[in-house]
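Subject: Structure for you to look over

Hi,

Here is the structure I promised. Please open it and read the notes below alongside.

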Amino acid sequence: MSEDQTVTIEVDGREIQAKAGQMLIDATDAAGINIPRFCYHKKLSVSANCRMCLVEVAKVPKPLPACATPVAEGMKVQTRSPLAIAAQKGTMEFLLINHPLDCPVCDQGGECELQDVALGYGDDVSRFVEGKRVVMDKEIGPLISTDLTRCIHCTRCVRFGAEIAGVRELGATGRGEHMTIGTYIEKSVDSELSGNMIDVCPVGSLTSKPFRFRARAWELIQRDAIAPHDAVGSNLHLHVRRNEVMRVHPKENDAVNECWISDRDRFSYTALNSAERLDTPLVKTRGEWKESGWHEALTRVASGLKEAGSDLGVLASPGCTVEELHLARKLANGLGSERIETRLRQGDFRTAAGAWLGQSVTDLERCSAALLIGSNVRKEQPIFGHRLRKAALEGCDVSFINPLELEMNYAARQIVTPPAAMAGEVAAVARAAGAAGPLIDQAEVTERHQAIAERLKAAPAATLLLGNLAQAHPDYAVLLTLASALAKATGAVLGQLPAGANSVGAQLVGAVGDGLDAMLAQPAKGYLLMGVEPGYDLWDPAAANAALTQSGFVVALSGFRSESLEAVADVILPVSAFAETSGTFVNAEGTWQSFAGAVSPKGETRPAWKVLRVLGNLLDLQGFDHDSSEEVLAEARQQAEGRQLDNAPADAVTECRLVDAALTRIGDVPIYAVDALVRHAAPLQKTRDAIAAAIYINESEAAKAGLTAGMQAAVTQNGTRVILPVTIDPNIPNGCVRIPAGVAGTEQLGGQFGEVTLEKA
Amino acid sequence: MGFKNAPMTTVKPVEGKENLFSPEVRAEIDSWIAKYPEQWRQSAVMAALRIVQDANGGYLTEALMDQVAAYLDMPAIAVYEVATFYSMYELKPVGRHKVCVCTNVSCMVNGSDKIVDHMEQKLGIKLGETTEDGRYTLKEVECLGACGGAPMFQIGTKYYENLTPELVDSILDGLE
Ligand code: SF4
Ligand code: FES
Ligand code: FES
């Protein structure tokens with residue numbers, strides 16, 4: 001039977017249409033007929049082990065599990081017949097035998113699938129008088145709490161790990177009465193999607209550790225939001241109590257995040273009330289920071305900005321909203337300045353190109369060949385990583401060209417080469433695909449390149465994607481030029497994985513300029529920083545610190561106190577963080593998603609768009625009289641009208657700047673270092689993925705420099721010297737050292753890629 | 001895509017498999033791997049665990065299970081699941097003679113309780129324990145498929161059926 005054939009079945013006397021071969025429970029769910037279930041989950045494989053979904057099927061003597069029974073033409077099903085109900089009640093009674101009656105102290109209470117189903121199918125009084133089994137809880141890391149006595153062995157969490165997260169971490173060990181969920185050996189669950197296990201667990205066996213005992217489900221008010229940390233634009237539900245975000249859940253949207261979110265999006269809310277939150281304006285007078293009132297601070301800012309006039313530079317995080325960026329650009333323009341930049345981690349501005357996904361999010365999982373250049377997509381944008389993994393499991397041929405080897409959760413071809421040789425590798429694939437041009441003609445083609453080129457050419461839907469490591473590369477323009485030639489030669493879609501939640505929006509509202517060099521090489525008279533901590537959020541912290549220190553006036557809009565900011569700023573205005581402000585993000589595929597504030601701004605903080613509007617007024621600029629963020633949005637949309645992003649570079653650049661040095665730094669930004677909110681989220685900072693500043697180097701390179709694991713060593717980059725511990729990492733190629741950016745200890749270092757020297761400290 | 005239709009292999013095959021186990025153990029495991037399609041290397045996990053357990057004096061350690069996982073390109077947890085599920089795998093040292101006594105239905109109605117009592121008394125240990133001299137371990141198991149000869153137990157690779165206390169004495173005393 002073909003997949004799209006429909007059959008007619010009868011359920012509880014009602015005729016319904018179903019796809020042939022579909023499981024009965026999918027058909028009844030679609031028709032709004034409720035069948036109780038525990039182990040079934042629409043995104044996971046069928047295990048049919050809980051038996052809660054038993055129904056009566058005509059001509060079959062025993063009840064059948066609806067989740068594992070394919071529909072067939074003319075099938076007659078009873079979900080509420082005496083036989084079905086007896087089966088369901090029987091299953092319920094067995095499930096409750098070992099389940100503790102601790103709902104009053106269980107975090108799942110009130111939103112528990114077992115509780116709900118027990119209400120319908122359980123008996124008032126238990127016939128079971130024997131002892132219940134008890135399972136010791138396990139320590140599986142900072143994000144998930146376990147109460148395994150409550151586990152009903154549905155194995156959803158285990159299947160989630162194997163099928164969605166792509167790492168088998170939790171398992172079911174032991175047998176029968178002795179079966180327990182866990183890692184067997186003491187170990188944390190480290191997947192970047194691990195929090196979803198909390199959602200799939202139907203009972204209170206796996207619950208959120210940061211949320212533990214903080215609130216009850218029925219006290220929470222649900223508000224919508226858009227995730228602020230990457231360009232996926234995952235849809236969120238914020239659960240709010242008394243003006244505080246208590247937790248974050250995914251909001252289902254099959255076009256974007258399905259029913260999953262990354263741990264980064266789920267747990268970053270914990271930073272909203274961290275001790276470092278800034279909630280009053282700070283003004284520096286004679287080198288001393290003092291809290292001040294808004295009026296005083298704004299007056300000072302207005303005069304500082306006026307002074308700077310057309311020599312103002314705006315550096316804004318690509319996580320700022322459309323509204324904020326639109327007003328910031330307008331403010332700069334009003335003062336006669338065109339200098340605004342949001343591509344804070346881009347390493348090369350020699351060519352202009354619009355960076356976007358080049359396709360829809362769902363296209364990613366439908367591609368049949370993909371080549372990722374300079375991308376650790378799994379950690380950069382976990383949901384895109386998941387989409388690509390889905391494609392790979394369906395047979396998509398995935399290859400990577402990267403300066404370091406990645407830990408993969410699916411099989412992929414990895415070309416690992418020092419940063420300076422990456423362009424050569426892309427050129428070789430391009431040559432193998434039949435492209436011609438400078439660099440390409442000289443490239444040395446091997447079998448690997450041939451294989452990638454052939455797959456890209458043969459695939460009905462192929463894509464090339466440039467990731468964060470490519471964007472940060474000093475020869476990004478070259479990589480893009482070559483990728484564009486390769487795309488033309490293979491017919492593949494050229495796409496990019498822009499870093500910030502609003503990287504695409506920033507381009508559409510004109511919040512991109514001539515690049516960071518133009519901004520920092522000659523210090524401007526004044527700078528406006530939005531959501532930027534110079535030591536952590538910029539490609540070259542050393543250059544940024546220098547320019548900002550020499551500038552006459554620096555004002556920062558920030559949600560957090562930060563030494564890195566306090567060292568260079570003159571005024572810091574406290575602005576509302578994620579969840580406290582309304583706004584709009586345009587995700588990687590170009591979808592505009594607006595959200596309202598879920599809680600009121602903390603303390604004295606104000607939404608950044610309002611601060612900018614007031615500044616516009618104080619500076620007597622035209623067109624700063626919006627009453628709502630919707631008005632700002634309407635204006636921004638008008639501006640963006642007709643603007644199209646094109647990943648192809650405006651000019652072909654084929655001259656490589658990064659020369660092969662004895663030792664080159666690879667400065668990736670770890671998953672939990674991408675922005676201030678994430679950096680202040682304590683639970684995330686305790687995970688294994690919270691990578692600390694260190695010298696990651698392979699054994700033979702370390703030996704060359706006379707270094708061993710655990711030793712302290714001195715790194716020198718552009719004359720700045722810092723001391724960091726040495727970690728041996730076989731994933732780093734020869735001639736390279738990985739020193740992550742955006743993490744404490746690297747705020748004085750230079751560019752994310754570049755020559756460094758090492759010596760014993 | 002689930003457990004059933006794709007092997008749960010690790011993504012990156014472990015290098016240096018030739019350094020795991022002794023050549024004899026490897027050869028034996030390889031003969032089992034050869035019985036399955038190439039991508040289903042992990043199907044040999046039960047045989048591999050048994051072979052490794054036998055070579056290690058009758059029990060498995062975490063390190064050995066990890067090596068089996070590495071050898072078969074499986075996630076370690078998948079090996080732990082198998083090793084903890086089946087009663088023939090031991091996760092702690094056992095005595096020289098492991099007496100696996102069936103207490104399932106057929107054996108129970110034919111007096112396995114008496115057999116268990118007798119052995120516990122004779123050896124001075126409870127089910128699940130090992131005698132101090134390391135000679136015997138008593139282990140309770142489920143049906144071994146020899147109901148026709150119930151009550152029964154298994155020692156090593158041998159089944160002993162229609163047990164009586166006297167027969168038990170002579171069997172146990174006859175072992176070295
Ligand atoms: S921990 Fe939760 S999800 Fe996992 S098996 Fe138990 S009940 Fe199911
Ligand atoms: S939902 Fe069908 S058996 Fe569990
Ligand atoms: S019940 Fe003991 S062998 Fe079957």
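**The cysteine site in chain B**

B:Cys102 is found in strand β1 (residues 97–102) of chain B; strands (E, at least two residues) and helices (H or I, at least four) are DSSP runs, numbered from the N terminus. This is a predicted model: local features need pLDDT of at least 70, side-chain atom pairs count only at pLDDT 80 or more, and totals for chains, interfaces and linings use all residues. Residues are numbered from 1 along each chain as its sequence is written, chains are lettered from A and ligands numbered from 1 in the order written, and side-chain values use heavy atoms, without hydrogens and water.

B:Cys102 counts as buried, at 2% relative accessibility. Buried means under 20% relative accessible area, exposed over 50%, partly exposed in between (1.4 Å probe, protein chains only). B:Cys143 is partly exposed, at 39%. B:Cys143 lies in the loop between β2 (136–141) and β3 (153–155) of chain B. Leaving out residues up to four places away in sequence, B:Cys143 touches B:Cys102 and B:Asn104; contact means heavy atoms within 4.5 Å.

UniProt (unreviewed entry) places a "binding site" at B:Cys102, B:Cys107, B:Cys143 and B:Cys147. Such annotations may be inferred rather than shown by experiment. The four span 46 residues in sequence, yet no two of their C-alpha atoms are more than 9.4 Å apart, so they gather at one spot.

**Helix α3 in chain A**

In α3 (residues 113–121) of chain A, A:Leu114, A:Val117, A:Ala118 and A:Tyr121 are buried. They sit on the same side of α3(A), because they cover an arc of only 105° around the axis (directions from the helix axis to the C-beta atoms). The buried residues of α3(A) pack against α2 (82–98) of chain A.

Best wishes
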